[in-house]
Amino acid sequence: MPHASRKPASTRSRRSRRRPVTALMVVLPLLALVWAIVVGVPGVTPGETSVPFPVGSTAAAPVTGDAADLLATLPVKGKAAKTGYDRTGEFGSAWRDVDDNGCDTRNDILARDLAAIVTDASCRVLSGQLLAPYTGESVSFERGETTSMLVQIDHLVALSNAWQTGAAQLTREERIALANDPLNLLASDGVSNSQKGDGDAATWLPAEKSFRCEYVAHQISVKATYGLWVAPAEHDAMVRVLATCPGQPAYSATPGLD
């Protein structure tokens with residue numbers, strides 16, 4: 001937040017408070033600067049940049065621009081251990097009404113991504129039609145014990161992958177935001193979502209090749225927004241995909257969602 005402005009002191013007052021500059025006053029700040037460069041800032045690994053989250057926000061500033069350029073800004077390093085990962089404990093239960101619109105996140109995404117939807121009075125999506133982005137095939141959605149799972153909500157950056165690439169260092173509130181962020185959510189056919197599991201771009205890509213650029217660009221955008229990193233093989237796979245679609249944009253919000 002910007003600091004409140006201060007009333008400038010009078011010329012006479014400034015002169016009366018002026019103190020002589022000593023060598024120690026000059027040397028001490030320089031020594032502090034050298035120490036910070038050599039030792040590093042607490043909590044930040046030398047050579048890396050911390051990503052602060054603005055007050056009142058659960059994510060960094062929205063990202064825009066070219067996906068390949070944005071990928072080049074992400075740290076590249078190995079995945080951390082999966083130790084401590086707990087979907088419900090660390091990312092909250094599925095699904096929450098995080099935007100207080102009366103609908104949980106799953107129904108928000110179904111309503112956004114499906115066509116010809118039918119809802120009940122409480123905004124639950126009862127039926128609809130999905131053009132599955134990962135296969136290019138049409139899938140009918142019908143709410144029911146054996147039919148609901150034909151259409152699932154995929155975390156583009158799987159929560160387990162997020163945990164191993166920086167989310168373990170976020171607050172629980174930030175992780176809940178990541179798990180429910182429309183930028184990181186997409187309705188997909190259940191088979192593809194199950195096949196993907198917690199894979200990244202190095203281990204799984206959509207069968208529908210025309211969707212791969214958009215898929216990878218969303219993953220990059222999510223990782224940039226939440227200050228996550230990419231593993232070396234994941235980075236290289238993303239580079240290969242984006243080489244087929246120069247100028248592919250990054251995303252600051254999921255298309256079609258206000």
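**Entry 1**

I started at Glu234, which forms a salt bridge with Lys223; their closest N and O atoms are 3.0 Å apart. Glu234 lies in helix 10 and Lys223 in helix 9, so the bridge ties together parts that are eleven residues apart in sequence. I note that this is a predicted model.

Next I looked up burial for the two partners. Glu234 has 2% relative accessibility, so I log Glu234 as buried. Lys223 comes out at 1%, and therefore counts as buried too.

**Entry 2: the other salt bridges I opened**

How many salt bridges does the structure hold? I get seven.

The side chains of Arg175 and Glu90 meet in a salt bridge, 2.5 Å from N to O. I placed both ends: Arg175 sits in helix 7 (residues 172–180) and Glu90 in helix 4, so this bridge ties together parts 85 residues apart in sequence. Arg175 is buried, and Glu90 is buried as well.

Then I checked Asp154. Its salt bridge partner is Lys196, with the closest N and O atoms 3.0 Å apart. This pair links distant parts of the chain: Asp154 belongs to strand 4 (residues 151–155) and Lys196 to helix 8 (residues 190–196), 42 residues apart. Are Asp154 and Lys196 buried or exposed? Both are buried.

A reminder to myself on the background: side chains of opposite charge can pair when their charged atoms come close.

**Entry 3: disulfides**

I turned to the cysteines. The structure holds two disulfides. I numbered the bonded cysteines of the protein chain in sequence order and read the pairing as 1-2, 3-4.

I took Cys103 and Cys123 to begin with. They form a disulfide, and their sulfur atoms are 2.0 Å apart. Which parts does this link tie together? Cys103 lies in the loop between helix 4 (87–91) and helix 5 (105–113), while Cys123 lies in the loop between strand 1 (115–119) and strand 2 (125–131), so the pair joins parts 20 residues apart in sequence.

The burial check needed the cut-off here: buried means under 20% relative accessible area. Cys123 has 21%, so Cys123 goes down as partly exposed.

I moved on to Cys213. A disulfide joins Cys213 to Cys245, with an S to S distance of 2.0 Å. I looked up the torsion as well: it is -105 degrees about the S-S bond, and the link of Cys213 and Cys245 is left-handed. Cys213 is in helix 9 (residues 212–225) and Cys245 in the segment after helix 10 (232–242), so to speak distant parts of the chain, 32 residues apart. Both Cys213 and Cys245 are buried.

**Entry 4: whole-chain numbers**

I closed with totals for the protein chain. I count ten helices and five strands in its secondary structure. What share of the 258 residues is buried? I get 40%.

I then looked at contacts between residues at least 6 apart in sequence. Of these, 70% join residues at least 24 apart.

Last, the surface. The accessible surface of the protein chain comes to about 14800 Å². Carbon and sulfur atoms account for 57% of that surface.

Conventions. Residues numbered from 1 in each chain as written. Predicted model: local features only at pLDDT ≥ 70, side-chain atom pairs only at ≥ 80, totals over all residues. Heavy atoms only, no water. Disulfide = S-S within 2.5 Å. Helix = DSSP H or I, 4+ residues; strand = E, 2+ residues; numbered from the N terminus. Buried < 20%, exposed > 50% of the residue type's maximum accessible area, 1.4 Å probe, protein only. Salt bridge = Lys/Arg side-chain N within 4 Å of Asp/Glu carboxyl O. Contact = heavy atoms within 4.5 Å. Areas by Shrake-Rupley, 256 points an atom, 1.4 Å probe, with all protein chains shown as cover.
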